[in-house]
Amino acid sequence: MSAELFLNSGVNFVVGLALLLVWNNERGQNFVHWMGLSFLVQAISPPAFLVWQTGSPAWNTIGFFTLITAASTSLTLWMVGAADLAGHPLSNGRIAMGVAGLIVTGGIALWYEPRLAQAFGATLTTLAAIVALSWLHRLGRYERITGIAMVLLGLNQFIWVACGNAGLPLQAGLATVLRVVLGLALLHAAVSRSRGETGHLRDQFSHLIERSHQGLAVMQGETMKYANPALLRIYGLPADGGPKIATGKQWRNSTMPEAERVVARERHRRIVVGEIAQDHWEGERRSFDGRTLHLRFSAWKVDWDGQPAEQIVVTDDTARVDAMQTLLHQATHDELTGLPNRSALQQRLRDLCAAGQPFALLLLDVDRFKLFNEAHGPSVGDEVLRALAAGLAAQLGQQAEVMRLGEDEFALLAPAGNAANAAERAARELVQGVRQLLTQSFKLPERRFFLDVSIGIALHPATAASPDALLRSANAAMHEAKRTPGISVQFAEERFERGSGALLDAEQALRAGMNSDEFALVYQPKVDARSHALVGFEALARWNRPGIGRVEPNEFIPAAERTGLIGPLGNLILTLACQQIAEWRETFGNIVPVAVNVSPLQLLDPGFPDLVVRTLRHFNIPPALLTLEITESAAVTHMEQARERIGQMRAQGIEVALDDFGTGFSSLNMLRSLPLSTVKIDRTLIDPMPAPDATAVVKAICDLAAALDLEVIAEGVETPEHASSALAAGCQVLQGFLYAHPLEAKDAAGWLRARSAPDR
Ligand code: C2E
Ligand code: MG
Ligand code: MG
């Protein structure tokens with residue numbers, strides 16, 4: 001009898017062990033684990049039964065407890081395994097309760113009556129097995145066999161209940177067979193489930209890889225082992241085109257720039273031997289259908305069919321990079337002509353300056369371009385610019401970068417060699433090219449036209465070293481060139497820039513200076529042509545600019561006129577002059593008139609005559625002591641207003657002189673039409689005297705003035721010859737360095753004092 005029991009125990013042990021070994025490899029299959037444990041624990045039951053059956057009370061007790069614990073634990077693990085197999089895993093709490101409950105109830109039953117206990121155990125096992133069968137029979141063939149074997153094992157236990165020990169060999173024998181069947185069914189279930197799961201996983205993965213938008217390749221040496229559909233799509237191949245790319249080498253040679261191939265081979269080698277764990281790079285590639293691709297790559301080592309390989313993941317960045325380049329192109333190119341724009345020029349200048357490379361920068365501005373727009377409309381203007389842009393690019397595109405800076409302004413940038421004067425030579429060649437281009441007419445659909453341009457040239461590093469300074473210099477030179485009609489060229493010179501830079505600064509500083517007493521007047525005496533006695537002063541403005549020194553009116557008056565500051569500045573000067581007149585009057589009593597210069601723009605203000613009268617009244621000055629000198633050009637351009645304002649002031653008793661006569665758009669008729677008191681002949685007419693022709697001109701003016709009853713003053717009298725010829729020509733009053741330079745107020749007061757001295 002014991003042989004059957006030991007066989008049973010051995011079979012349980014072996015099957016249990018086999019199940020645990022399977023579980024060890026397939027940790028996901030928990031039911032194999034529980035069933036394996038159940039079989040191992042069950043292997044204890046037959047020997048425990050034999051021990052319990054021995055006569056000795058001690059062994060009897062040990063056997064009893066071992067048997068009941070083993071049977072209960074085995075049954076519980078069995079149910080846990082079955083539940084897991086059926087997809088109803090039990091919680092740990094339930095398992096513990098199951099073991100404990102079985103031990104207690106089974107133990108009590110066995111204590112009272114072993115057969116009753118066996119009947120209880122058999123019933124419980126059978127019921128549990130029926131429950132398990134109800135779970136398992138729908139799942140699959142091996143699961144069903146498992147359930148049936150379990151039910152049969154439960155029923156098998158009733159043999160001992162019915163036949164006692166006599167039935168034991170039969171029960172043990174049947175149990176052994178059933179347990180082998182159960183074990184095999186479980187192993188099958190485990191293997192087929194694990195195969196199913198592996199297949200499922202594989203399906204999921206290949207799904208992911210096949211549908212991925214990222215390209216995926218596996219390279220082993222020169223062979224491309226795998227390429228997913230995304231990779232083929234990215235490189236412009238049909239989905240079944242992968243196999244046509246027989247080797248990785250072919251792939252590389254067709255898609256990769258030559259310079260990168262060596263790098264790629266070396267990277268592959270280092271990844272495969274494990275020198276680098278991972279690498280990321282990006283680059284430009286060519287697709288098999290000829291497009292340019294921008295790709296990002298990541299690669300690492302993988303095992304492929306037991307051999308090391310490189311797995312490469314490819315992200316297609318082409319759309320993003322293209323969009324970025326389009327934006328960049330838009331930002332750095334001119335929409336009308338497609339040429340690089342001002343910001344592109346600035347970037348290029350920065351690059352070239354940083355590289356220290358000699359180059360020539362030419363700024364071209366079309367002369368009188370406004371006329372095209374005004375005469376033919378802006379669309380013709382646009383066509384002109386497009387035609388010029390195309391002409392420049394065709395004629396000079398090989399030698400220089402052609403750019404459009406806006407409006408009618410273009411730039412040419414020509415890098416030069418390091419040889420002496422190379423940049424200058426490059427500039428001259430470009431100018432030659434521009435001249436050639438512009439000697440021919442440009443043809444628009446409806447007309448032909450000729451263009452002139454003014455060209456300013458700055459050279460790096462001869463003119464300046466920084467992009468801003470170069471642009472400023474070339475711009476100043478271009479404006480200088482504008483002064484000359486026709487195609488004109490000007491190399492940058494420091495003085496052009498100084499002029500424009502100073503102008504801008506002056507405009508800014510003027511506003512500040514007006515409020516802080518920086519303006520003062522100097523006084524130049526006017527003398528009687530015969531007696532040389534003092535007959536008047538001309539007040540001339542000076543600006544004591546902090547940090548710079550004395551600034552001449554020819555510099556700041558035009559700036560004040562441009563910025564609209566001439567009004568307030570003129571008022572200030574008028575006030576300063578009247579203040580001085582009042583002071584001298586108080587000191588010397590009888591003094592000479594003082595002339596104040598008036599800007600053309602001041603004369604446009606209808607309130608100007610009133611303002612003059614108010615100022616005179618404020619300082620209590622007789623109008624006869626003030627003369628206003630009006631520049632000839634101002635009077636000419638605004639004849640009507642000039643006549644009206646001058647008339648108003650004359651009516652108040654203020655003398656008005658026409659200044660700088662003979663310089664601007666002279667019209668002798670003007671002398672007749674304006675209600676003037678005096679005419680001042682410009683020093684450019686006095687300077688050539690006593691040359692007979694110059695003297696004749698001055699004499700003619702004096703004769704006319706005499707006929708019109710105007711006093712004549714000669715300006716710029718520097719020599720006794722000037723003085724005598726001016727007198728001979730008919731000038732009554734002389735002013736110039738021969739008598740005095742413009743004087744500070746205290747020195748001018750010296751002249752007044754001398755005049756009022758009793759011995760004179
Ligand atoms: P302007 O009214 O014809 O003044 C005469 C200019 O000739 C003065 O130059 C004077 O210094 C200069 N000058 C006088 N004698 C001689 C000479 O013998 N030889 C030479 N070469 N030059 C002589 P300045 O003071 O530089 O003034 C230049 C111009 O600026 C003035 O010409 C006038 O048009 C304008 N200006 C001066 N002060 C004022 C002002 O307060 N308001 C306005 N609106 N313009 C002013
Ligand atoms: Mg003057
Ligand atoms: Mg003058």
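I count Ala, Val, Leu, Ile, Met, Phe, Trp, Tyr, Cys and Pro as nonpolar, Asp, Glu, Lys and Arg as charged, and the others, Gly among them, as polar. I am working from a predicted model.

**Entry 1: the shell around ligand 1**

I sorted the shell around ligand 1 by class first. It holds nine nonpolar, six polar and nine charged residues. In total, 24 residues surround the ligand. I noted the closest ones: Glu538, Asn597, Asp659, Glu718 and Phe737.

Where does ligand 1 sit? I find ligand 1 in the largest pocket. Strand 14, helix 20, strand 16 and strand 18 are the elements that give two or more residues to its shell. Strand 14 provides the largest share, with four residues.

**Entry 2: polar contacts of ligand 1**

The backbone comes into one of them: a polar backbone atom of alanine 541 is 3.1 Å from a nitrogen atom of the ligand. Arginine 683 uses its side chain, with a polar atom 3.1 Å from an oxygen atom of ligand 1. For glutamate 715, I read 3.0 Å between a side-chain N or O atom and an oxygen atom of the ligand. I then checked the cover. Ligand 1 taken alone exposes 780 Å², and the protein buries 87% of that.

**Entry 3: the largest pocket**

Next I looked at the pocket itself. I have its volume as about 1,000 Å³. Its lining is made of 35 residues. Which of them lie nearest the centre? I wrote down Glu538, Leu540, Pro553, Asn554 and Asn597. Glu538 and Asn597 were also on my list of residues closest to ligand 1.

I traced the lining back to its elements. Each of the following supplies at least two residues:

- Strands: strand 14 (534-545), strand 16 (594-598), strand 17 (626-631) and strand 18 (655-661).
- Helices: helix 20 (553-563), helix 21 (566-588) and helix 22 (600-604).

By class, I have 13 nonpolar, eleven polar and eleven charged residues in this lining.

**Entry 4: the largest cavity**

Rolling a probe the size of a water molecule over the atoms shows where empty space is left. I get three cavities of 30 Å³ or more.

The largest cavity has a volume of about 770 Å³. I count 35 residues in its lining, and Gln42, Leu67, Ala71, Gln118 and Gln157 are the closest to its centre. Which elements each supply at least two residues of this lining? I listed helix 1 (2-25), helix 3 (45-53), helix 4 (57-85), helix 5 (92-112), helix 6 (114-136), helix 7 (141-156) and helix 9 (168-211). How many residues of this lining are charged? I find one, beside 20 nonpolar and 14 polar residues.

**Entry 5: the second largest cavity**

I put the second largest cavity at about 250 Å³. It is lined by 19 residues. Met219, Trp251, Arg252, Met256 and Ile312 are the closest to its centre. Two or more residues come from each of strand 1 (215-220), helix 11 (248-255), helix 12 (258-272), strand 3 (278-286) and strand 5 (307-316). I marked helix 11 for the largest share, four residues. The classes are twelve nonpolar, three polar and four charged.

**Entry 6: backbone checks**

Last, I went through the backbone. I logged a cis peptide bond from histidine 460 to proline 461, with omega near 5°. Proline 461 is in the loop between strand 11 (453-460) and helix 18 (467-482).

I logged another cis bond from methionine 689 to proline 690, with omega near 15°. Where is proline 690 found? I place it in the loop between helix 27 (683-686) and helix 28 (692-707).

I also checked phi at arginine 368. It is positive, about 50°, although this residue is not a glycine. Arginine 368 lies in the loop between strand 6 (359-366) and helix 15 (369-376).

Technical notes. Residues numbered from 1 in each chain as written. Chains lettered and ligands numbered in written order. Predicted model: local features only at pLDDT ≥ 70, side-chain atom pairs only at ≥ 80, totals over all residues. Heavy atoms only, no water. 1 Å grid on protein atoms, 1.4 Å probe; cavity = no way out; pocket = protein on both sides within 12 Å on 5 of 7 lines; lining within 4 Å. Points joined across faces, edges and corners; volume = space filled by probe spheres on them. Near = heavy atom within 4 Å. Polar contact = N/O pair within 3.5 Å; in protein donor to acceptor, adjacent residues only side chain to side chain. Areas by Shrake-Rupley, 256 points an atom, 1.4 Å probe, with all protein chains shown as cover. Sits in = over half its atoms within 2 Å of the grid points.
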